[in-house]
Amino acid sequence: MSVFVDSDTRVVVQGITGGEGSFHTGQMIEYGTNVVAGAVPGKGGQEIEGVPVYDTVREAVREEDANASVLFVPPAFAADGVFEGLDSDLDLVVAITEGIPTQDMAKVRKRLSEVDTRLIGPNCPGIITPGEAKLGILPGNIFSSGNVGLVSRSGTLTYQVVDNLTKRGLGQTTAVGIGGDPIIGTSFVDALAAFEDDPATEAVVMCGEIGGEDEEQAAAFIDENMETPVAGFIAGRTAPPGKRMGHAGAIVSGSGTGTAESKIDALNDAGVPVGDTPEEVAESVESFL
Amino acid sequence: MRLHEYQAKGIFAEAGMPTPDSQLAETTDEVLSAAESIGYPVAIKAQVHVGGRGKAGGIELVDDEAEAREAADAILGMDLKGYHVDRVLVEAAVDFTDELYVGVTMDRGEGKPVAMVSEKGGVDIEAVAEETPEAIAREHVDPAFGLHPYQARRAVAEAGIESEIRRDVVGVLTTLYDLYESRDASDAEINPLMVTAENEVVAADAVLNVDEDALFRQPELAEMEEGSYVDDLERKAGEYGFDYVRLEGNVGIIGNGAGLVMTTLDLVDYYGGEPANFLDVGGGAKAERITNALDMVFSDENVESVVFNIFGGITRGDEVAKGINEALEGFDEIPKPVVVRLAGTNAEEGMEILNTDLVQVEETLEAAVERAVENAREVSA
């Protein structure tokens with residue numbers, strides 16, 4: 001079992017003709033993902049990596065029965081691409097693009113509340129159900145199939161923790177990178193709820209970081225709604241207040257909210273052990289199983 | 001990206017916001033002639049990207065030429081919380097009876113902009129927000145529709161603003177929201193919005209922080225970007241295009257991806273060392289970028305040991321190794337010990353070409369960090 005994507009997911013790649021879009025389409029197909037179409041305005045009729053390209057997502061849905069998209073569209077056009085995905089009756093849109101203006105994302109989020117599509121990202125590595133499908137840029141070879149769910153705000157931290165898990169023989173149901181921006185489509189709570197409902201997921205890892213209050217909300221959700229054990233990690237304990245640490249969302253405000261400490265405390269209070277190192281997180285997961 | 005007060009005020013004034021008469025000056029003579037043409041009393045205000053300028057001695061109110069000369073000499077060239085002051089704004093002093101606060105920012109939790117008004121302006125508004133949040137009236141804005149006029153009126157009424165000036169404050173808030181939206185701001189603020197004895201309102205300060213991700217469609221603002229660096233290292237990081245934050249410690253850290261680099265910093269701390277910096281080379285970094293990153297960290301004289309932590313997804317281990325080789329082969333003697341940990345995409349290829357005579361190699365993140373901390377300890381001993 002898995003959450004959000006599996007071998008039946010039929011993927012259209014928005015921005016398939018670009019450098020990243022075409023390269024990762026090849027990688028996704030090689031991994032076994034069912035990529036059925038590409039969509040790029042003005043490029044309909046081409047073929048990339050053996051996949052037919054359409055001018056619009058709607059055509060890809062009509063002609064190839066696509067039900068999910070992964071988006072490699074440059075920042076200036078990315079919000080429009082996400083709107084198109086939301087407007088094409090897809091079940092899922094995964095936005096990899098980094099650097100979408102925040103006010104664009106506020107409008108996207110408003111639209112999200114009016115449709116049934118799930119958005120993952122933006123500024124994320126994507127989502128992978130090992131052995132079935134990957135939508136995004138995650139390196140497939142480090143993942144293995146198993147019973148641990150993983151949700152993370154950071155791409156490379158996801159790889160690090162998965163590496164620690166896999167080396168201990170702890171495979172994954174699904175790993176979701178939700179992205180490090182201030183406004184994103186799928187939150188920790190959304191992903192945790194999906195893992196809780198997935199009978200194959202027997203433990204969950206949640207990797208958070210400084211900035212915002214999503215981890216605190218996740219802690220409250222775990223406390224009230226989850227039976228599945230969760231292990232946590234929070235990056236940015238040493239980050240000084242007021243400085244942006246790479247991610248647009250990773251900035252500690254002056255007033256004590258959004259700090260690593262407040263997040264770790266909230267998680268500990270919800271019964272979630274928070275590792276000092278990624279290796280300790282893997283140890284916690286092993287102890288759950 | 002932060003605009004200076006004088007830049008933000010220029011934009012505000014152009015939009016019809018009431019602002020005091022002001023001029024930019026770079027020398028004491030320019031300050032005096034500006035003050036002369038504006039008319040005393042004037043405020044002399046350091047133009048640096050620092051909060052709490054007034055408390056730090058960066059703002060002086062002066063009544064005559066002698067005081068102006070003294071203040072200009074003191075402020076021009078001063079070091080304000082690490083920033084060098086090379087320009088001041090000379091501005092007509094406002095005779096005020098009240099100080100208000102007006103602001104617009106993004107509420108990331110709600111995913112909506114929020115417009116704010118308070119009659120407790122002029123002081124530390126962060127403290128007001130924390131201690132008496134009810135003193136700030138808030139209106140969340142639907143980003144698809146913008147700030148409705150009734151919302152602006154409601155916020156101003158809720159904030160308890162006196163009725164004589166409500167219409168003017170509503171006008172200021174509406175203009176501020178329009179600027180926030182049209183200029184892709186992350187924050188737009190006036191603190192204080194001064195109220196004069198004649199019941200006029202004047203923007204005595206102006207904050208406009210712009211979303212860097214939106215600069216591609218704000219060419220005019222992109223051109224206004226001016227050094228907001230504490231030191232040469234941060235300036236260099238800007239030129240190289242790195243996400244870089246300088247810290248106090250002695251272990252230099254280079255990695256890819258914000259979350260993983262932050263984790264590496266945390267581990268340095270965990271193993272008893274002190275991180276010297278956050279440096280994210282970003283996704284897909286090629287050899288030259290890696291060379292630049294090493295150059296950056298070596299130029300920090302506090303750095304006594306360096307750790308490279310790369311987990312390749314989109315970034316390739318062989319490119320990283322090439323860059324490390326290129327950077328280090330130029331030295332007769334490696335300036336500081338370098339520990340490398342390579343994992344992920346093409347890590348094996350990278351390990352094969354990495355010149356291991358010049359660096360120490362560790363397989364796991366934990367071991368690499370521990371070794372770098374140990375190296376720093378040995379160098380300082």
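In this predicted model, strand E10 (residues 145-152) of chain A runs parallel to strand E11 (residues 172-177) of chain A, and five bridges join the two. One place to look is A:Leu150, whose bridge partner in E11(A) is A:Ala175.

- Strands E10 and E11 belong to an open sheet of six strands in chain A, and reading across it gives the order E9-E8-E11-E10-E12-E13.
- The pairing in this sheet is mixed.
- Which strands sit at the edges? They are strand E9 (133-136) and strand E13 (230-235) of chain A, each of which pairs on one side only.
- If you ignore direction, neighbouring strands of the sheet are turned by 15 degrees against each other on average.

**Helices on the sheet**

- Helix H7 (residues 214-225) of chain A packs on the sheet, where it touches strand E12 (203-209) and E13 of chain A.
- The direction of H7(A) makes about 155 degrees with that of E12(A).
- Helix H8 (residues 260-269) of chain A also lies across E12 and E13 of chain A, and it runs at about 175 degrees to E13(A).

**Where chain A meets chain B**

- How many residues does each chain bring to the contact? Chain A gives 52 residues and chain B gives 45 residues.
- Together the two chains bury about 3800 Å² between them, and 58% of that area is on carbon and sulfur atoms.
- Three residues stand out on the chain A side: A:Gln103, A:Thr238 and A:Met245 supply 17% of the area that chain A buries against chain B, more than any other three residues.
- Between the chains there are 14 residue pairs in polar contact.
- Among the elements that give two or more residues to this side of chain A are helix H1 (19-31), helix H5 (155-167) and helix H9 (278-288) of chain A.
- Helix H4 of chain A provides the largest share of that side, with seven residues.

**A closer look at helix H4**

- Several residues of helix H4 (residues 102-112) of chain A are buried, including A:Gln103, A:Met105, A:Val108 and A:Leu112.
- What covers the buried residues of H4(A)? From chain A, the cover includes helix H3 (75-86) and strand E7 (118-120).
- Chain B takes part in the cover as well, with strand E7 (96-107), helix H6 (163-182) and strand E10 (185-196).

**Salt bridges at A:Lys110**

- Three salt bridges cross the interface of chain A and chain B.
- In a salt bridge between the chains, the side chains of A:Lys110 and B:Asp142 meet at 2.8 Å, N to O.
- A:Lys110 also forms a salt bridge with A:Glu114, where the closest N and O atoms are 3.7 Å apart.

**A network of charges in chain B**

- The structure holds 33 salt bridges over all chains.
- Some of these residues join up: B:Glu5, B:Lys9, B:Lys45, B:Arg53, B:Glu91 and B:Asp205 are linked in a network of salt bridges.
- B:Glu5 lies in helix H1 (residues 5-14) of chain B and B:Lys45 in strand E2 (residues 42-46) of chain B, so their pairing ties together parts that are 40 residues apart in sequence.
- B:Glu5 is buried, with a relative accessible area of 5%, and B:Lys45 is buried at 6%.
- B:Glu91 forms a salt bridge with B:Lys45 as well, with the closest N and O atoms 3.1 Å apart.
- Because B:Glu91 lies in strand E6 (residues 88-92) of chain B and B:Lys45 in strand E2 of chain B, this pair ties together parts that are 46 residues apart in sequence.

**A buried leucine in chain B**

- B:Leu279 is found in strand E15 (residues 277-280) of chain B.
- Why does B:Leu279 count as buried? Its relative accessibility is 0%.
- Leaving aside neighbours within four places in sequence, B:Leu279 is in contact with residues including B:Phe242, B:Ile253, B:Val261 and B:Met296.
- B:Asp243 is 36 residues away from B:Leu279 along the chain, and their C-alpha atoms are separated by 5.8 Å.

How values were computed: Residues numbered from 1 in each chain as written. Chains lettered and ligands numbered in written order. Predicted model: local features only at pLDDT ≥ 70, side-chain atom pairs only at ≥ 80, totals over all residues. Heavy atoms only, no water. Pairing = 2+ DSSP bridges. Helix = DSSP H or I, 4+ residues; strand = E, 2+ residues; numbered from the N terminus. Axes fitted to C-alpha atoms, helices over the stretch in contact; angles between N-to-C directions. Contact = heavy atoms within 4.5 Å. Buried < 20%, exposed > 50% of the residue type's maximum accessible area, 1.4 Å probe, protein only. Buried area = accessible area lost by both parts, 1.4 Å probe. Salt bridge = Lys/Arg side-chain N within 4 Å of Asp/Glu carboxyl O. Polar contact = N/O pair within 3.5 Å; in protein donor to acceptor, adjacent residues only side chain to side chain.
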